[in-house]
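This briefing is meant to be read with the sequence and the coordinates open side by side. It begins with a question of location and then goes through the fold, the helices, the cavity and a few individual residues.

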Amino acid sequence: RKTMDTEQECYICFDDEDVLTMACGHVLHEECAQGQLGTLGKAGDKFNTTPAACGYCRQWLSHKDLDHLVEPTKTVFNDLCQKLIAADVVPGLKEAHTSTTEFPINFLDDYVFFKCHSCSAAYYGGGKDCGAGMAVAGKKENRICPTCVSKSTGVAITPCAQHGIGWGAFKCNFCCTVANWFHGGINYCEKCNQKSSSAEPPTVQDCTCKVPHPANGEKNVFIGCVLCNPGFLGKTKGQ
């Protein structure tokens with residue numbers, strides 16, 4: 001075991017022996033930290049940074065013995081943040097953050113991303129204001145990124161030259177909401193996916209978003225990059 005870094009207690013087990021001191025100053029046992037980091041989202045889950053955060057101050061967990069577990073998530077997260085900043089679609093956001101390499105762990109809290117069940121790539125699943133990611137039930141294998149949906153359906157997609165594919169999205173086949181579920185050859189948003197397994201399946205709705213797109217009811221419409229088409233980006237809290 002490693003030597004004690006500090007007299008503070010591990011915030012998970014409340015023991016003060018053989019702890020590691022994080023960059024934020026709080027402490028954890030290596031085993032406790034590994035257990036916490038082991039809950040980082042797997043394929044088909046939400047892309048979730050919470051397990052990579054200190055339980056006291058919600059800064060990134062950072063220690064030389066843990067960085068190899070945190071960095072893969074942090075690298076994807078920083079890339080998504082950099083593209084959101086560069087797009088300059090949220091008023092005041094670019095001016096409020098001078099760093100373009102390090103971002104607070106809550107920087108994307110208004111948005112929901114998932115890890116594709118097929119390829120594990122992070123993809124945009126909608127804004128939290130639209131209820132994205134709130135489903136209590138659903139098969140993880142139906143969380144599929146636009147690239148894999150394209151391969152399955154034959155619908156061609158073009159990654160954004162400026163922002164890549166991570167902010168790209170298909171539209172729900174039934175309404176004006178970003179899709180984050182795909183099964184039976186059909187794209188669903190959170191609400192329509194819940195209805196798909198009920199006695200009253202989703203019905204095609206009239207357009208409510210006022211953003212130009214093919215009519216609701218047409219299957220598998222790729223709306224492109226939501227940073228370039230921010231009408232589909234969802235509301236924000238103005239971080």
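In which loop does S120 lie? S120 lies in the loop between β3 and β4, where helices (H or I, at least four residues) and strands (E, at least two) are DSSP runs numbered from the N terminus. The model is a predicted one, in which local features need pLDDT of at least 70 and side-chain atom pairs count only at pLDDT 80 or more, while totals for chains, interfaces and linings use all residues. Residues are numbered from 1 along each chain as its sequence is written, and side-chain values use heavy atoms, with hydrogens and water left out.

**Overall fold**

- The secondary structure of the protein chain comes to five helices and eight strands, and along the sequence these follow the pattern β-β-α-α-α-β-β-α-β-β-β-α-β.
- Of the 239 residues of the protein chain, 45% count as buried, where buried means under 20% relative accessible area, exposed means over 50% and partly exposed means in between, computed with a 1.4 Å probe on protein chains only.
- Among contacts in the protein chain with a separation of 6 or more, 56% are accounted for by residues 24 or more positions apart, a contact being heavy atoms within 4.5 Å.

**Helix α2**

- Helix α2 covers residues 67–87, and its 21 residues should span 30 Å at 1.5 Å a residue, which agrees with the 29 Å between its end C-alpha atoms; the expected span is 1.5 Å times one less than the number of residues.
- At T73, α2 bends by about 25 degrees, the bend being the angle between axes fitted to the seven residues ending at a residue and the seven starting there.
- T73 is also one of the buried residues of α2, which are V70, T73, K74, F77, N78, L80, C81, L84, I85 and A87.
- These buried residues pack against α1 (30–37), α3 (93–96) and β3 (111–115).
- The helix is followed by D88, whose phi is positive, near 55 degrees.

- Just after α4, G154 takes a positive phi of about 80 degrees.
- The count comes to one cavity of 30 Å³ or more, where a cavity is a set of points, on a 1 Å grid over the protein atoms alone, at which a 1.4 Å probe fits but cannot get out, and lining residues have an atom within 4 Å of a point.
- The largest cavity has a volume of about 60 Å³; grid points are joined across faces, edges and corners, and the volume is the space filled by probe spheres set on the points.
- Its lining consists of Y123, Y124, I144, C145, P146, V149, F170, A179, N180, W181, F182 and N187, and β4 (122–127), α4 (146–153) and β6 (181–183) each supply at least two residues of that lining.
- By class, the lining of the largest cavity has 10 nonpolar, two polar and no charged residues, with Ala, Val, Leu, Ile, Met, Phe, Trp, Tyr, Cys and Pro counted as nonpolar, Asp, Glu, Lys and Arg as charged, and the others, Gly among them, as polar.

- D18 lies in the segment before β1 (20–21) and has a positive phi near 55 degrees although it is a residue other than glycine; its relative accessible area of 25% makes D18 partly exposed.
- S120 likewise is not a glycine and has a positive phi of about 70 degrees, and at 38% relative accessibility S120 counts as partly exposed.

- L20 is in strand β1 and counts as buried at 2% relative accessibility; the C-alpha atoms of L20 and E9, 11 residues apart along the chain, are separated by 10.0 Å.
- Y111 is found in strand β3 and counts as buried at 4% relative accessibility; Y111 and K128 are 17 residues apart in sequence and 5.5 Å apart in space, C-alpha to C-alpha.
- A215 lies in the loop between α5 (190–196) and β8 (222–225) and counts as partly exposed at 45% relative accessibility; A215 and F174 are 41 residues apart in sequence, with 9.3 Å from C-alpha to C-alpha.

Technical notes. On a 1 Å grid over the protein atoms alone, a cavity is a set of points where a 1.4 Å probe fits but cannot get out, and a pocket is an open set with protein on both sides within 12 Å along at least five of seven lines; lining residues have an atom within 4 Å of a point.
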